[in-house]
Amino acid sequence: MADRSKSKIRFSRLYSFSCLRSPFRDKHSQIGQKGFSRVVYCNEPDNPDQLQLMYRSNYVSTTKYNAFNFIPKSLFEQFRRVANLYFLVVACVSFSPLAPYTATSILFPLIVVIGATMAKEAVEDWRRRKQDIEANNRKVEVYERNHNFQETRWKKLRVGDLVKVYKNEYFPADLLLLSSSYEDGICYVETMNLDGETNLKLKHALDVTASLHDDNSFQQFKAVIKCEDPNEDLYTFVGTLLYDGQQHPLSVQQMLLRDSKLRNTDYIYGVVVFTGHDTKVMQNATDPPSKRSKIEKKMDKIIYILFSTLILISFIGSFFFGIQTKNDIVGGKLKRWYLQPDKTTVFYDPKRAVLAAFFHFLTGLMLYGSLIPISLYVSIEVVKVLQCIFINQDQDMYYEDTDKPARARTSNLNEELGQVDTILSDKTGTLTCNSMEFVKCTIAGIAYGRGMTEVERALAKRKGKAVPDSGNISSYVQGSSNGHTGSRKSVRGFNFKDERIMNGHWVDEPHADVIQKFFRVLALCHTAIPDVNQESGEISYEAESPDEAAFVIAARELGFEFFERTQTSISLHEFDHQSGRKIDRSYKLLHILEFSSARKRMSVIVKNVENQLLLLCKGADSVMFERLSRNGQDFEATTRDHIKEYAEAGLRTLVIAYRELNEEEIRLWEEEFLKAQTSLNVDRDAMVDAAADKIERNLILLGATAVEDKLQKGVPECIDKLAEAGIKMWVITGDKMETAINIGYACSLLRDDMKQIVVTLDSPEINELEKQGDKEAIAKALSVSISKQISEGNSQLRLSKGSSISFGLIIDGKSLSFALNKNLEDSFLDLAINCSSVICCRSTPKQKALVTRLVKKGIGKTTLAIGDGANDVGMLQEADIGVGISGVEGMQAVMSSDFSIAQFRFLERLLLVHGHWCYRRISMMDVSARLCLKYPVLYKEGVQNVFFSWPRILGWMFNGVISSMIIFFFTTNAVANQAFRRDGHVVDYEVLGVMMYTCVVWTVNCQMAISINYFTWIQHFFIWGSIAFWYAFLVMYGAVSPIISTTAYQVLVEACAPSPFYWLVTLLVVMSSLLPYLSYRTLQIQFQPMIHDIIQRLRSEGSETEIPGELSLGSKDKLALVEDKLRDRESLLQ
């Protein structure tokens, strides 16, 4: 029944505005010129002219490697590490006689390290490859030469193919819509994967092709499309269709883009225009990047320093070696005759001292090569793998509802998680749940709805108020279709609870007549289509937007059930308060004045069974209150107050109103409206808008709705914690500006006390200019307008400098395309980074990536992008860290991410705990997870890179030099001229080596123990286990035959261990070598403590159990002092 009713509906006769028409524009005159040269022969993919154009196939690849470039490209990635390159050179030289060791000792660890990393890269890329295979092998029906539609794989599609796509299927390429299951050729499209929007887009075929309704009608179909070349613009399309000898203009309204989905329509017919990497979604894609962490890049610079030191040491040694070698023969006399310098090889030949010195230099580079720590790279890789395991196994980041744990998809960027300065986030599906819920309303000045939104809960917590358990808000909903049933299971889109109007109790309210009219407006003023389940009889709704569906569901749950739509009528099951039962009422549908971003309202004109003509309207308060009649403002002041309260709670509001019309009024208006609709003037849209504006006047206020674009659980609290950690947040979304601003308030990015700087090209002056059609003049004027708006914004910031005023920047996609130009991007970035919050609206996937690139390069700090859809892939790949949310939009974002989580709130733990740990464990040890979450300020140490800064690195190098000198000189001086054995023999070099290396092992491990702020059994095991292993190694290796163990044979058991002198020297030397670092840490903790030092002291004193706001005055002062120093450091770095 639903399918038959849909096919009869001709919305093109009811819709009023230009979404259904494609008038010729100035750009259509450019068809055939540069940039507009594409020609498509419809239903003739084998046309010789078509084949000569050699368009791309429909095969797509999003992988980083392929079978041909994996080895060279992956090897290039590995040898970007300076240490790997150094050891490759050393390995090559080790095959020569110069090497003081075998080549295997260098080659084996190098091959293991590089091989393991390449294998990891291959596994990660194979996951992307599997995603590509799945997409390329999806099935679609194609019109074949036998005049039947047959299934084929997506990758086999060609430009010009005629395809048939069914409901809830994705479009396999960019298609020109020819016709649909609706008589007038409309269809509904979900573009979530392209722009993140959940509301459905209405597409409309040309009238000349809309009549092609069945497979047989395409036997003689031939046409030619001439259009623009492939580009990334999702919102425009310019082309013409030559059909039956006539030329018809094409616009974006006829285009169905790859990766968008057919909804609310049984099927469509379309012609393939763009394939594969020519499609707009792939034009917006970016190549998978090679990401390296900032610490890894800095390690390369450290290697440069160590390599320079190595060269210096080798040069000094070889210089003096050359001098000494040359002096071995002086005046024919052999100075060091016992070395037989007259019979030696070139390596020691006094006659070729310079060459011998050069060879000695090369030998020195290899001999002292332990200064370049390849073992450090191996250790770091092992640590990173373990860190990934900790992330993957974290039960606190497991989402039970979808059985999705957190996943570290690469180990290269673990430590970057602890240094994030800016987060760039998608909105739909990332911050929100991708669903709208009707939660509150105000009718006749009375507020209804006792629920509590996530934003209200967050505000209450911050104010210290008692917050009820969220389970009692949405776990059940009372009410049903007839308004009499008791409590039942929750209904998607309806989270409303108020016993005053549920269960039919609204009839007892003081303004029952107003309540009845209010819900009738919700049940009638929409374009939704009912879909009846033939088995259960339940009705679901296919609506253009989640808001609209929520309104219809709310009306149904409160007794006004919309159950049938025809071309000219809408029917309801209404609860009749007089008889106490359901009755059917039918309303004649006369006109639909649809919603648009400019109008900000929607109206329908209907006639009821009493022959009353009614205009039912819903819209934004900014345009509705000014349209109220004098006698229709009874509840205006109270309604405004309620709307303000709802907005503060993060809810999206619409004002509900109506008016009665008379026959003469509607007749005169229809004449004017029809004249405007049929006008061929370029001002047609404005004329239609003006006509609609005339009838949408003198309205009577009924009330307002409040729906929640439901935030994911814990989003406001998560954002607040991240802000406390000093992390800035941008929202980059494809949604409309109004929607994005509402969510900005909902998740605390925008506040009532914040000044908004809005950069937009949506103004009457700009719209008037665009109608003139001069492309160059328009572009110049738009650029000047954006430049002026950005300059004014920067002026506001300068004037408010030193005050407590904060600013929020909102910019739309059209303005963003100009702001990202080379001449404006710097001033735009200055404006953006000085605002507390930034929201970019109507952004294309490519703009998301470009904004991310601008922020990453502009601020020079770590950026993190987070999203859940295919439209976020470019942004995730461009950021230093990409986090994909495994939500409802598929796995494209997850497959392109570096880390994946199931809910946005898990980002708090991923950064503040695991990020902090990963950064600190690469550079220094850490505190507990509980303290990391309790004190987000700890995270600022990572943002400022306190523990891996050059002063800290050079300080550790200096500490290493001092410790080495103490160990060397103290040990050698301690054993000098001392009898070591009972027979009077002094220490030989075997014992001296063991004694000295024992001191090294103890010193290194003890310094690590001093550095650790939080001990677990793992630290104890590896620190003290390393020391124990050293002694065990000496015992085991010393027990091996002296042919193998050589000088280590029984050196500990027989020589060192029995000697008290050995143990005494070890104790004194280790204590002496630890003393400088211990003294430094003691003075630092006492006079210039870091944040973690203060918190660690509180923990040890037992006062840490207090909440942060209740710390002792001294502790709070110290924390404030350290935070001020971090801010000063940040300002210096900028």
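This is a predicted model: local features need pLDDT of at least 70, side-chain atom pairs count only at pLDDT 80 or more; totals for chains, interfaces and linings use all residues.
## Helix α17

The buried residues of α17 are I666, W669, F673, A676 and Q677; because they cover an arc of only 90 degrees around the axis, they lie on the same side of the helix. L674 and K675, on the other side of α17, are exposed.

At the start of α17, the backbone nitrogen of E664 has a side-chain oxygen of N662 within 3.3 Å.

P845 belongs to helix α25, which covers residues 845–859. The relative accessibility of P845 is 7%, and because the limit for a buried residue is under 20%, P845 counts as buried.

When neighbours within four places in sequence are left aside, the residues in contact with P845 are L194, L234, N284 and N871. For one of these, L194, the C-alpha atom is separated from that of P845 by 6.9 Å, although the two residues are 651 residues apart along the chain.

## The protein as a whole

The secondary structure comprises 38 helices and 37 strands, and 55% of the 1134 residues of the protein count as buried. Among contacts with a separation of 6 or more, 71% are between residues 24 or more positions apart.

The accessible surface of the protein comes to about 50900 Å², and carbon and sulfur atoms account for 57% of that surface.

Definitions and conventions. Residues are numbered from 1 along each chain as its sequence is written. Side-chain values use heavy atoms; hydrogens and water are left out. Buried means under 20% relative accessible area, exposed over 50%, partly exposed in between (1.4 Å probe, protein chains only). Helices (H or I, at least four residues) and strands (E, at least two) are DSSP runs, numbered from the N terminus. The arc is that of the directions from the helix axis to the C-beta atoms. A polar contact is a pair of N or O atoms within 3.5 Å; within protein, one must be able to donate a hydrogen and the other to accept it, and residues adjacent in sequence count only if both atoms are side-chain atoms. Contact means heavy atoms within 4.5 Å. Accessible areas come from the Shrake-Rupley method with a 1.4 Å probe; for residues, only the protein chains shown count as cover.
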